[in-house]
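This report looks at how secondary-structure elements pack in a model of two chains. Please keep the sequence and the structure in view while reading.

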Amino acid sequence: MKIGIPKDGRFGEFGGKYIPETLAPAIEELEKNYLKIRNDKNFKKELGRLLIDYAGRPTPIYFARNLTKTIGGAKIYLKREDLLHGGAHKINNTLGQALLAKRMGKKRIIAETGAGQHGVATAMACASLGLKAEIYMGYVDTLRQKQNVFRMELLGAKVHAVKSGSKTLKDAINEAMRDWITNVDSTYYLLGSAVGPHPYPLMVRDFQAVIGVEIKKQMKKIPNAVIACVGGGSNAIGTFYPLIDTNAKIIGIEAGGKGLKTKLHSAPLTAGKKGVLHGMMTYLMQDKDGQISETHSISAGLDYPGVGPEHAFLKDENRVEYKAVTDDEVIDAFLILTRTEGIIPALESAHAIAHAIKISKKMKKTESIVVTLSGRGDKDIDIVKEYLAKNVKNKRKI
Amino acid sequence: MSRIKEKFNQLKTKKETALISYIMAGYPSEKTTLAAVRGLIQGGSDIIELGFPFSDPIADGPTIQMASTESLNSGTKIENFFSIVKKIRKESNIPLVLMTYTNILYNQTYLKFISRAKQAGIDGLILPDMAIEESKEYVKAAKKIGMDTIFLVSPNTEKDRLKQIIKSTSGFLYMVAVFGTTGVQTKIHKYTLDALKNTKNAAKGKIPVGVGFGVSTEKDVQKYVSSGADAVIVGSANIKIIENTPANKVQARIATFTKKLKNRTRY
């Protein structure tokens, strides 16, 4: 079940490279170069240094004593990716890919972003490595994550607000791909999640796998359960991959939005159907004609109708369990963690926390759960404030 | 013999390059689509390429993106599309090609979708996001049903890959003229003409080569015809006319424009 380099770019039946012909040489060049540096000692050393000195790795594993006590079940540990430079796990991948782009002699970097975390992490990596960054961001997301737009601009990146389609993450990817098709020779597309055509899902997983590798080292024994949130699924696959061949129960949490019975969610693994989008075959949210559905999540970073092909594979193999939690449960978890531990989680990461709270109650006190806290929540405080103003009945209202 | 192949054979004896005209089905309405089709036929278009909208058209520029969104917003479903095709088939025997994206087919399974398309009267398929590596099942289904699979090649497609693509292609080969998405361009690049020459050489006369993306004026048509293209494909320019013309005048304006282009296709 643990797939190193996927044959023909496929994880089981999922993945592949469904791309316009103009991109074929670029994808081939990327694949060739990536496979070359994948085992290159110098590359690893250079990236390893950057991850330590620049990004702040390794990140701690923190035993959330107060949260555990409050819930009263299994011990909950947090993998603190929120403490990384930029405030999220995204920098693990952007440093790796920006370094690769530099080696390939590409000077212009484009990227998509949802909540803005990948855009910020791209802008940071590019600033530090002397590359030019242009970021595509859905217009709706530029409005709900204004601060991140300005952060990217401060870091020297150009931000394009995408006004086509649903004006969110998927449309930002569409526009980034169109840019790549147009400027294929000069440009490197730095994809932010474990999605897209091969070799992106492989590459992003490899760069994020440092999360799971550290968890394995830091925990005295393999945890009983490991939980991470899944949008495209990069922090989750990075967490899960090194633990696939252990006994740990592995759980990925999707954005249940206003509930799976409504259409307002972003949960392709729990409520979607197989299809082809953004260069990959995977589970998608779509209507009966195959049109991609507009998604909803309180967290911009999970607001995406598809999911990385390796997750689709791990679901069908029954190795990873995928569940969804609702916006309401997410806000609740956000507030509990903030109050008990003094840690403000990203709304994306609060999805994983919400599920940990649910299952820890049913587990023994001697058991342990590791939750990947993929990012910090400073970017989300306005959304939470607005939500609390509208939902006066919330038990934990401030 | 497929309608497309037959058409190319006929044109060859007349020493004419094929004019392939693209419009988006359901943009802005079914009625206007039918009017535009009549205009295209009246103006002398040789093959009609009907777009079925997809929510995420990554190979399309702003004009066709807009038409896709509008068509979907007006409620175009796959049933409506096939019904438009059937209506056209009642009036004309012109070759009809469907351009859409892979997921639309994948959603119903290739075999089921292609047989429905064939039944409605579609002769060939263009899927800009269907890479040759992923096409085995698709090509197999199309062959079984007798549907032409029109693959795209790009100016940067390498020689061996080109050969491989030609092997899976039937009807005609679609050469993308530019690095970029669909839409109006201002000039014809030298790299495009070089690529056309290479592609023609690789096709060895066994499969016609059409040039599309950014072909919008009589001058463009003339240039590609004189450079040896077997077909020229005009898309966004038609959409622009439809966008800027009152519904009752669409047929006439499209006919006039198409006639002007078609006049330049003799070699």
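## Two helices in chain A

In chain A, helix H1 (residues 24-38) packs against helix H9 (residues 200-208). Their axes are 11 Å apart and meet at an angle of about 30°; axes are lines fitted to C-alpha atoms over the stretch in contact, and angles run from 0 to 180 degrees between N-to-C directions. H1(A) is therefore roughly parallel to H9(A), a label for angles under 35 degrees. Helices here are DSSP runs of H or I with at least four residues, and strands are runs of E with at least two, numbered from the N terminus.

This is a predicted model, in which local features need pLDDT of at least 70, side-chain atom pairs count only at pLDDT 80 or more, and totals for chains, interfaces and linings use all residues. Residues are numbered from 1 along each chain as its sequence is written, chains are lettered from A and ligands numbered from 1 in the order written, and side-chain values use heavy atoms, without hydrogens and water.

## The sheet in chain B

In chain B, 9 strands form an open sheet with parallel pairing, in the order S5-S4-S3-S2-S1-S9-S8-S7-S6. Two strands pair if DSSP finds at least two bridges between them. The edge strands, S5 (148-150) and S6 (152-153) of chain B, each pair on one side only.

Strand S1 (residues 18-24) of chain B runs parallel to strand S2 (residues 47-51) of chain B, and 5 bridges join them. B:Tyr22 stands opposite B:Glu49 in S2(B).

How values were computed:
Parallel < 35°, antiparallel > 145°, perpendicular 65-115°, else oblique.
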